[in-house]
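The sequence and the structure come first.

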Amino acid sequence: MQKNISVIISTYNSVEWLKKVIWGYNTQTYRNFEMVIADDGSRQDTFDLIEEMKKEVFYPIIHVWHEDNGFQKSQILNKAIVACTTDYIMMSDGDCIPRPDFVEQHIKFREEGYFLSGGYHKLPMELSKNITKEDIYSGNCFDVSWLQQNGMKSSFKNNKVSATGLKSLILNFLTPTTPSWNGHNASGWKKDILAINGFDERMQYGGQDRELGERLVNYGLKPKQIRYSTVCLHLDHPRGYATPESINKNRNIRKETKEKKRNWTDSGIVK
């Protein structure tokens with residue numbers, strides 16, 4: 001049966017987190033999807049994990065890999081976009097566990113002429129480590145009281161974990177934010193992403209997802225914010241990639257995209 005949506009998951013040498021994410025997609029209420037893992041040069045243990053998990057999950061997994069050549073996430077995401085076999089692409093990260101209705105909500109809200117911008121709820125490191133397969137399969141990890149008992153602080157943001165139905169629509173409306181292409185939780189039509197030539201491969205850590213969204217807007221698409229409707233738990237991890245040089249370089253590329261209203265990059269899928 002032809003799949004209806006492709007889920008791109010980016011990863012790099014993070015098997016413990018990736019395993020939890022793959023389990024999360026095995027709980028999805030909407031099942032007609034494929035997973036495309038955009039692997040920025042991981043070691044053999046990631047290959048071994050994916051082969052093992054393919055036997056456990058109900059959905060097909062396509063593993064797209066290239067040699068480790070420093071932080072080349074934009075490049076591997078472009079390769080993953082090309083590898084997707086469906087018309088609609090959702091993107092998230094290998095450290096974001098999806099709520100069981102995650103894919104279903106993206107399908108529900110998708111619309112021609114739009115891309116979707118979702119949210120995440122960040123967990124502390126200790127809790128990120130302690131979540132087990134059983135916690136994911138039972139749904140405990142999306143139970144606010146269970147999360148609080150296990151180290152999550154109380155805050156208004158906890159609504160992101162549990163809000164559904166009318167409550168999520170009201171919270172989307174009451175807490176407006178500028179919707180952007182968020183690498184951890186966004187989706188759009190493959191034809192639109194190809195029309196702007198995918199990610200700008202000159203960009204390294206920081207903002208390459210936002211820049212893609214800015215070109216989609218320049219191309220004429222409208223962003224739709226659904227951060228309380230489609231939710232993932234962001235597992236904690238150290239961030240060692242950002243350097244002042246790369247952040248500055250990325251900032252300049254984004255500035256040019258905005259000022260010149262660019263909707264195409266010469267450093268994307270088509271060279």
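This is a predicted model: local features need pLDDT of at least 70, side-chain atom pairs count only at pLDDT 80 or more; totals for chains, interfaces and linings use all residues.

Two strands are taken as paired if DSSP finds at least two bridges between them.

An open sheet is formed by 3 strands in the order 5-10-7, with mixed pairing. Strand 5 (96-98) and strand 7 (119-122) each have a single partner strand and stand at the edges, so one side of each has no neighbour in the sheet. On average, neighbouring strands of this sheet are turned by 35° against each other, direction ignored.

Strands of a sheet pair through backbone hydrogen bonds, in either a parallel or an antiparallel sense. The two pairings are listed here.

| Strand pair | Sense | Bridges |
|---|---|---|
| Strand 7 and strand 10 (residues 231-234) | parallel | 4 bridges |
| Strand 5 and strand 10 | antiparallel | 3 bridges |

Gly 119 has Val 231 in strand 10 as its bridge partner. Ile 97 stands opposite Leu 233, also a residue of strand 10.

In a regular strand the side chains alternate between the two faces of the sheet. In strand 10, Val 231 and Leu 233 point one way, whereas Cys 232 and His 234 point the other way. All four of these residues are buried.

**The nonpolar cores**

The largest nonpolar core has 45 residues, of which Ile 22, Tyr 25 and Val 103 touch the most other members. Helix 1 (residues 15-25) gives the most to this core, contributing 7 residues.

Which residues does Ile 22 contact when its neighbours within four places in sequence are left aside? They are Met 35, Ile 37, Met 53, Val 57, Tyr 59 and Ile 61.

**Helix 2**

Helix 2 (residues 44-54) has Thr 46, Leu 49, Ile 50 and Met 53 as its buried residues. Seen down the helix axis, the buried residues of helix 2 fall within an arc of 95°, and therefore line one face of the helix. The elements that cover these residues include strand 1 (5-11), helix 1, strand 2 (33-39) and strand 3 (61-65). Met 53, one of the buried residues of helix 2, is also among the contacts of Ile 22.

Notes
Residues are numbered from 1 along each chain as its sequence is written. Side-chain values use heavy atoms; hydrogens and water are left out. Helices (H or I, at least four residues) and strands (E, at least two) are DSSP runs, numbered from the N terminus. Axes are lines fitted to C-alpha atoms, for helices over the stretch in contact, and angles run from 0 to 180 degrees between N-to-C directions. A nonpolar core is a set of buried Ala, Val, Leu, Ile, Met, Phe, Trp, Tyr and Cys residues joined through side-chain atoms within 4.5 Å. Buried means under 20% relative accessible area, exposed over 50%, partly exposed in between (1.4 Å probe, protein chains only). Contact means heavy atoms within 4.5 Å. The arc is that of the directions from the helix axis to the C-beta atoms.
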